Amino acid sequence: MTTTSRTPDELAALDGLLTDDERDTAATVRAVLDEHVRPNVARWYLDGQLPARDLAKLFGDLGLLGMHLEGYGCAGTTATMYGVACRELEAADGGVRSLVSVQGSLAMYAIHRFGSEEQKQEWLPRMAAGEAIGCFGLTEPDAGSDPSSMRTRARRDGDDWVLDGAKMWITNAPVADVAVVWATTDDGVRGFAVPTSTPGFSAPEITGKLSLRASVTGQIVLEDVRLPADAVLPEVRGLRGPLSCLTEARFGIIWGATGAIRDSLTVALEYAATRVQFGRPIAGFQLTQAKVADAEAAYAKAVLLALHLGRVKDGAVPGARMTPELISLGKLDNVRAALEVARSMRTILGGSGITADYSPLRHAVNLETVLTYEGTQEVHQLVVGKALTGLDAFGG
């Protein structure tokens, strides 16, 4: 007996939970990715390259860069609409989604939330249009999960600031026009909008990556980088600044993980329907169906969690407010689920699954980085654990 197959979204009736505008956004972004990214992304991944400037302009024209921010050329959409776009972006590739996330939710958000009016006017319209690229310098070679131990320092010299130090694993850094750099000062941690053309600033590219290869990653090296007094972001002091930016960016990761799940499952289903072994398509084997059923359950739960967080962030859930702990819960579980599904779907593809012709292994390898960046799995477990128990286990 045969029945009509359904897509992962159809089976779980997920599209009905989105508004017309959200569905239209998803369809528009997917069509652009189908034309400009999907035919090329496997080659970009194998070559370890990404045409970041071309893509930034493409995504700027589409209104994706800083799309959830208000004014300064930004689209001003809901958080959920931004999340829906991130799902489509990561369904194509996690490195492509990272380009958009770092631009909009880290660099642009930091300037939008904490910058001066002059800084906003100088950078945000060009960044929203994709004419300028930003990066976000927080992580250091010896300060990852513990940003309070950062060694990058900014000191006053007359009216100027002078920055010295180094940042590591910075997406977009080698191609950026502006870097939001966090440094310790005599007045606590401060953020700076640093034009990358400033003398003493360099951003050597990190090569040899095994993950997120279709992404531009670099260091930031600061050697007596002299900035005017107005380079500092005036509206924040302390780690609250960079940590709130990370909370903003993790929201996009939560949605992006659902795209990796959906694409891995869709590719596996298409392959299994045409791959014949022992005289029948492997889609008809019980173990194959067990794997895709588990993947569908993981997808439905991940989307529902992401959608709930989006509605909370948009103020549509009475009595609820967005918290860092809620974001940690979403990143913890959705990224973990996506990695498990991508690995499982790769097995359905057999030997073909280790080639660049199919996306699940590429998603799985990319997700190994997503599992680590913007808070490791263990850090988010401790954040959620602290919220539930009231006891701080960090460093214990």
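Modeller: What follows is a close look at strand E4 and its two partner strands, E1 and E5.

Before we start, please keep in mind that this is a predicted model, in which local features need pLDDT of at least 70, side-chain atom pairs count only at pLDDT 80 or more, and totals for chains, interfaces and linings use all residues. Residues are numbered from 1 along each chain as its sequence is written, and side-chain values use heavy atoms, with hydrogens and water left out.

Now find residues 178-185, which make up E4. A strand here is a DSSP run of type E with at least two residues, numbered from the N terminus. Buried means under 20% relative accessible area, with exposed over 50% and partly exposed in between (1.4 Å probe, protein chains only).

Next, follow the side chains. Val 178, Val 180, Trp 182 and Thr 184 point one way from E4, while Ala 179, Val 181, Ala 183 and Thr 185 point the other way.

What lies alongside? One partner is E1, residues 134-137, which runs parallel to E4 and is joined to it by four bridges. Two strands pair if DSSP finds at least two bridges between them. You can trace this pairing residue by residue: Gly 134 stands opposite Val 178, and Cys 135 has Ala 179 as its bridge partner.

E4 and E5 form a hairpin, with two residues between them.

For contrast, move to Phe 278, in the loop between strand E8 (276-277) and strand E9 (280-281). Phe 278 counts as exposed because its relative accessible area is 79%. Its phi is near 55 degrees, a positive value in a residue other than glycine. Most residues other than glycine have a negative phi.
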